[in-house]
Amino acid sequence: MKFGKFDDANREYVITTPRTPYPWINYLGTQGFFSLISNTAGGYSFYKDARLRRITRYRYNNVPIDMGGRYFYINDNGTVWNPGWSPVKTELDAYECRHGMGYTIISGKKNGLAAKLTFFVPQDYDGEVQQLTLTNESDAEKSFSLFSFAEWCLWDAQDDSNNFQRNFSTGRVEIDGSVIYHKTEYRDRRNHYAFYSVNDSIDGYDTDRDSFIGLYNGFHNPEAVLAGKATDSFADGWAPIASHYKKISLKPGESKTLVFILGYVEMPADQKFEADGKTINKVKAKEMIAKFDTPEKFAAGMAELKAYWDKLLGILTVDTPDERVNRMVNIWNQYQCMVTFNLSRSASYFESGIGRGMGFRDSNQDVLGFVHQIPDRAKERIIDIASTQFPDGGCYHQYQPLTKKGNADIGGDFSDDPLWLILSVSAYIKETGDWSILDEMVPYDNDMSVAQTMLEHLKVSFYHIVNNLGPHGLPLAMRADWNDCINLSCFSDTPGESFQTYTNPKFAAEGGYSKTAESVMVAALFTYTGPNYVAILKHLGKDDEAAAAQAEIDKMKKNMMESAWDGDWFLRAYDANGEKMGSKECEEGQIFIEPQGFAIMSDVGKDEGTAEKTLAAIDERLNTKFGLVLNNPAYSKYYIQYGEISTYPGGYKENAGIFTHNNAWIICAAAYAGKGDQAFKYYSEIAPAFTEETSDIHKTEPYVYGQMIGGKDAGSDIGRTGKNFGQGKNSWLTGTAAWNMVAISQYILGVQPDFDGLRIDPSIPSAWDGLTATRQFRGANYKIRVENPSHICKGVKSMTVNGKEVEGCVIPYEKDCKEYNVVVTMG
Ligand code: BGC
Ligand code: NOJ
């Protein structure tokens, strides 16, 4: 069942009912100011850091769901309604929500009055601009009252939601004409305020929540709205809000357009106030308001936003026989990559914005899906991340975007972290050909006095693995690897201990974590990423270092075949007792997904047929119609030696959920191994555009990936196996966005940036006749046509570039050539 449809020409998803199976959201803003907005206008705004600079309030995990947003209320002679249906939930005569690239349009109609709301964050602008057009579509004159509504958050979202003894007494506002300013703590120790404006006169306002809503009422029945009149309240402590009140009369056919702005302003210390030393200096706010105070300026801002996305999405376009693939690659997957790049895992409808900053592993992986869009921003991000590394190659697991400093509460010692840096730097060089990133001086632990080149950072990353091996010569598992929930040194039996940061004191003598527990996943990630480091060294002419690094990779592969090959797939780990995890010998959790793809792509045990055997086992044991589960069978009891993983009921999250992020690694591996049909099968099980038809089961947005889908074991814990199978959770902020972008565009469609240039090596469904693609790459335009006359999955028989036959499948780079016409014939 569907709740809307794709409008590819406009790059929009059109939601046709407000009652989606979960709030379906969009993100506004790509630079400093961000808003989350649901299909009923719920959500919130923040500046740069969703925890430390929260602008409006939102109520997570609320009943009913999705409470807090930018609401417009209309009281039309006693009929009270919102254009986005919620929170009043008066049945509308018509409703539509269009989520587009950086904007959302919500339209509602009731009793002959039509309201169209367009929300966006303009380029280079710290505010959300909202245009409301009201049209009287009836044949009689209409008089009604309109109320806007936003609730201020007192900046630090964490403090805001628990420090009530203080916060109920600190809220401050200022009102100047039609502009309501939020200035809590501005006098004392903040250099920022926020405002909510409208480009017209108003007939009243409210700035105190209880006066507007009423202590025992809710967002669905605010007293002022029911009364049809604002109370002109002035907040002084308690909960400051901003609500404009306007009486409007429209003749039949007449329209009125208003532009509202929710803005954020920072002021230099010596210019914070007017001469009286009290009134806030509003110069910057007024400039911001003037920028979008007419519908014409609004339209120009929207046009600029569209041009921005035209440009970004013009860098890679594909035309394949499947329109759902085209829609994912050309629009939504790339869009999601921008969002995950910007927000890491901080703020979504599942991430509260206060829990997590930027993740070392997460943000490095996000670069993989984003780097072609704005390589300069990717470079800056890579340097920020690498700056939180330690001289021995270890690193902080997370950092805060406002300070860019490592987060000491979480600390480090996640065994996979350093390797992702090698991958992101390699991806940057492959995209841009800009080797100079290796010469950048990058601090350790943000201390510039101990800065080293980026190349040195790669070296310490690589050797951090080599220097931390366990008894089988496999990497130590430490606190966790990519799977945050495999915590082999935790042995937690006390509530409240964080599985990621707590290590059992019994390992104190070993330096904090077990020196026995080893991660096969990190071993495979090492053999997959390591060759990039070797290629970089060779390019720089450092042949000895390259040979030494290659020897470590070869040794790791040998160790894997000796101690980590289980006969039909690779083991997952050795636990702290030296026992196998992810083996046929185990009672549960016999096979895990994570090591397999990287091992296949590194040709570990290739001659012994490991790839074929592993892919067959994956198909048999892990695959389902909704994607590949993480492990099988699911754990049905608590295995204290494994950590968080078995705390989840079977079928959810890391315990046999369909963790879409690592599905991509198998898609890549199947494609790499030449099995394009198998790769595409797995791709189409999870790609959102393909799951649209089952939105009632899937529940989350059909235009973006979520982190997790209920696996085949979901419900097994309560004897109802299959319950919630296929149900998505944790949409938007997931490494799946980047990795599936890589999987489809590079591994399946085969347009792969490489160190020496663009490589074209598709691994597609055999039924396809071919495909075409355009790619802007290192300053030139590539037009690529792939023909598949023999209907195979993989193999390039010949390639011509600008009419000339070329050896192999890497397009030779010519300095002055700006247009490349490439024809690839598979066979
Ligand atoms: C979740 C993981 C997440 C981790 C880190 C765990 O509880 O299951 O998916 O990565 O927390 O916050
Ligand atoms: C989500 C986290 O953000 C990511 O870092 C981790 O790899 C996965 N969960 C798996 O545990």
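The lining of the largest pocket comprises 18 nonpolar, ten polar and nine charged residues (Ala, Val, Leu, Ile, Met, Phe, Trp, Tyr, Cys and Pro count as nonpolar, Asp, Glu, Lys and Arg as charged, and the others, Gly among them, as polar). The model is predicted, so that local features need pLDDT of at least 70 and side-chain atom pairs pLDDT 80 or more, whereas totals for chains, interfaces and linings use all residues. Residues are numbered from 1 along each chain, ligands are numbered from 1 in the order in which they are written, and side-chain values use heavy atoms, without hydrogens or water.

Among the 37 lining residues, Lys-430, Tyr-528, Tyr-747, Gln-752 and Asp-754 lie nearest the centre of the largest pocket. A pocket is an open set of points on a 1 Å grid over the protein atoms alone, with protein on both sides within 12 Å along at least five of seven lines; lining residues have an atom within 4 Å of a point. With six residues, helix 20 gives the most to this lining (helices are DSSP runs of H or I with at least four residues).

Around ligand 2, the residues with a heavy atom within 4 Å include Arg-345, Arg-356, Trp-482 and Phe-659. This shell divides into six charged, two polar and two nonpolar residues. Oxygen atoms of ligand 2 lie 2.6 Å from a side-chain N or O atom of Glu-654, 2.8 Å from one of Arg-361 and 3.0 Å from a polar backbone atom of Asp-484. The protein covers 95% of the 290 Å² of accessible area that ligand 2 has on its own (Shrake-Rupley method, 1.4 Å probe).

Terms used: Polar contact = N/O pair within 3.5 Å; in protein donor to acceptor, adjacent residues only side chain to side chain. 1 Å grid on protein atoms, 1.4 Å probe; cavity = no way out; pocket = protein on both sides within 12 Å on 5 of 7 lines; lining within 4 Å. Helix = DSSP H or I, 4+ residues; strand = E, 2+ residues; numbered from the N terminus.
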